[in-house]
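Biologist: Can you walk me through this one? Keep it short, please.
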Amino acid sequence: MNKYSLKNKLMMLNLVTVLPFVAITIYLIFSLRNYSNAYDEIVSNMTIANSYNLNFKEEMDESLYKLVVGAVTFANISEDAALEDPYKVIGDLREDFDVLMRITTDKDSKSWLQRLLRNIDTLEDRVNDIQYNLDEGGHYDENIEMLDNNIYILTELIQDDIQYYIYYQTQSIENLKGQLNIQVEKFIVLWTVLLLCIIVGVFIVSSFISNGITRPIRKLCDVTRQISEGDFSARAGVWTQDEVAQLADSINEMSQHLEIMVNQIKEDERKMRYAELRLLQEQINPHFLYNTLDTIIWLIEGNLTGQAVDMVVSLSDFFRLVLSHGKEFITIRDEERHIRSYLEIQQVRYHDILDYEIAIDPQIYPYRILKLTLQPLVENALYHGIKYKRAMGKITITGSVVQTDAEPEICLTVKDNGVGMEAEEVERLQKEIIRPCKETESGFGLANVNERIRMNFGAAYGMTITSKKGEGTTVQVVIPAQIMEHAPKGGIHEES
């Protein structure tokens with residue numbers, strides 16, 4: 001069953017239409033409930049305040065007067081039903097208005113409550129004074145004066161504070177009413193906007209659903225066109241999980257099979273090309289062999305048998321490393337032995353013009369390299385750099401590991417101090433070596449090495465050439481740092 005079939009999409013359209021109305025209804029219920037709770041709280045506060053506003057002053061004044069004139073005492077005042085114990089009235093008043101202080105949110109109302117609580121504290125102090133005088137006796141005039149100048153004024157102030165509190169609570173009700181009116185107006189505007197949004201939303205969702213059907217079909221048309229034009233890597237990215245997605249999966253599967261078949265054909269062609277490169281590579285050796293054998297014969301005829309033997313040994317090492325038991329990859333250590341054997345042989349022939357130095361970091365010896373990577377570069381340096389100088393020249397071979405952001409790389413350089421090249425010639429040669437070696441007009445050996453590196457390690461690797469006329473040429477080779485697996489500890493020589 002398709003999770004997002006057309007039927008399900010239509011159901012989603014209905015939900016999009018209904019849900020806003022449900023949300024507005026819930027919003028209205030909660031808003032009205034909040035306003036109702038706020039109104040009830042204010043009314044409750046006013047009820048408590050009114051209960052004291054009606055009779056507080058009369059009860060307090062009368063009770064304290066009867067105490068001063070001696071009609072009752074603090075000990076028996078509670079027995080008179082018409083009178084109230086001043087301390088009990090003050091305690092009840094403080095307790096109730098402390099509660100109001102905690103729950104009141106209006107700023108002005110809280111201000112008057114704070115003032116009222118301070119006056120209650122003062123009133124209690126004056127009542128304490130009256131009780132003290134009554135306990136000592138003989139302070140009648142002083143107590144009457146305290147009633148007139150303190151008690152009656154304080155009870156009047158407390159009653160005023162209660163009235164102001166009630167007044168500001170009434171104002172809060174008016175403010176609440178005003179806010180409710182504003183909210184009603186906002187709701188009318190909101191409802192109007194929401195209605196428009198629902199109309200627009202329904203239109204958008206309808207367009208989305210129709211596009212959800214037509215867009216995948218257009219994608220399928222584009223993919224089938226690309227496949228018909230030969231792009232078998234094209235895929236239909238349809239994620240609608242409906243019937244169209246099933247069709248897209250079938251087309252993608254067909255395209256994948258076609259791509260595998262085409263890639264297999266390309267791989268077969270690449271292998272054929274690789275075999276051709278190896279054949280071209282081996283064509284370098286016979287010319288070198290003929291020249292070396294001629295040199296050996298010349299040494300023997302000149303009775304330089306020791307040098308002839310050394311040259312035969314170097315030639316043996318050279319070809320042992322060239323063959324490498326049929327392996328295409330060897331260690332950098334073996335590649336160094338290979339170019340050392342080659343230079344030893346060539347130094348016999350060109351002892352008057354050739355000097356060399358090999359300074360490869362032993363740490364990179366275990367890393368793998370394509371066989372015959374450096375020898376063509378050294379040969380190029382000798383025949384096109386040193387030999388044309390017609391004076392003593394030097395070839396320097398170096399190698400080390402270079403750390404990069406992606407992964408470590410091996411950097412090998414072959415540098416000579418020969419005749420060098422002009423900038424235009426370097427640029428032309430650099431372009432030549434990145435072409436297939438069969439298509440190059442010059443620099444066949446360099447192009448061969450560069451193409452083999454790129455075929456085996458990727459287009460990010462290869463060689464670069466820098467040169468300056470009269471100062472020499474430097475060829476740099478960059479390959480990934482990959483340890484040679486199952487490399488013999490002493491190199492190819494130990495297997496011989």
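Modeller: One term before we start: partly exposed means a relative accessible area between the buried limit, under 20%, and the exposed limit, over 50%. Asp129 has 29%, so Asp129 is partly exposed. Bear in mind that this is a predicted model.

Biologist: Which residue does Asp129 meet in a salt bridge?
Modeller: Arg126. Their side chains meet at 3.0 Å, N to O. Both sit in helix α4, three residues apart, so about one helical turn separates them. Arg126 is partly exposed, at 21%.

Biologist: Is Asp334 buried or exposed?
Modeller: Buried. Its relative accessible area is 2%. Arg337 is partly exposed, at 22%.

Biologist: New topic. How do the axes of α2 and α4 cross?
Modeller: At roughly 20 degrees, and the axes come within 10 Å. Angles under 35 degrees count as roughly parallel, so α2 and α4 are roughly parallel to each other. The crossing is left-handed.

Biologist: Which residues make the contact?
Modeller: From α2, they are Phe56, Met60, Leu64, Leu67 and Val68. From α4, they are Leu123, Val127, Ile130 and Leu134.

Biologist: How many of those are nonpolar, and how many charged?
Modeller: Nine are nonpolar and none is charged. None is polar either.

Definitions and conventions. Residues numbered from 1 in each chain as written. Predicted model: local features only at pLDDT ≥ 70, side-chain atom pairs only at ≥ 80, totals over all residues. Heavy atoms only, no water. Axes fitted to C-alpha atoms, helices over the stretch in contact; angles between N-to-C directions. Helix = DSSP H or I, 4+ residues; strand = E, 2+ residues; numbered from the N terminus. Parallel < 35°, antiparallel > 145°, perpendicular 65-115°, else oblique. Left-handed = near helix turned anticlockwise from the far one by under 90°. Contact = heavy atoms within 4.5 Å. Nonpolar A, V, L, I, M, F, W, Y, C, P; charged D, E, K, R; others polar. Salt bridge = Lys/Arg side-chain N within 4 Å of Asp/Glu carboxyl O. Buried < 20%, exposed > 50% of the residue type's maximum accessible area, 1.4 Å probe, protein only.
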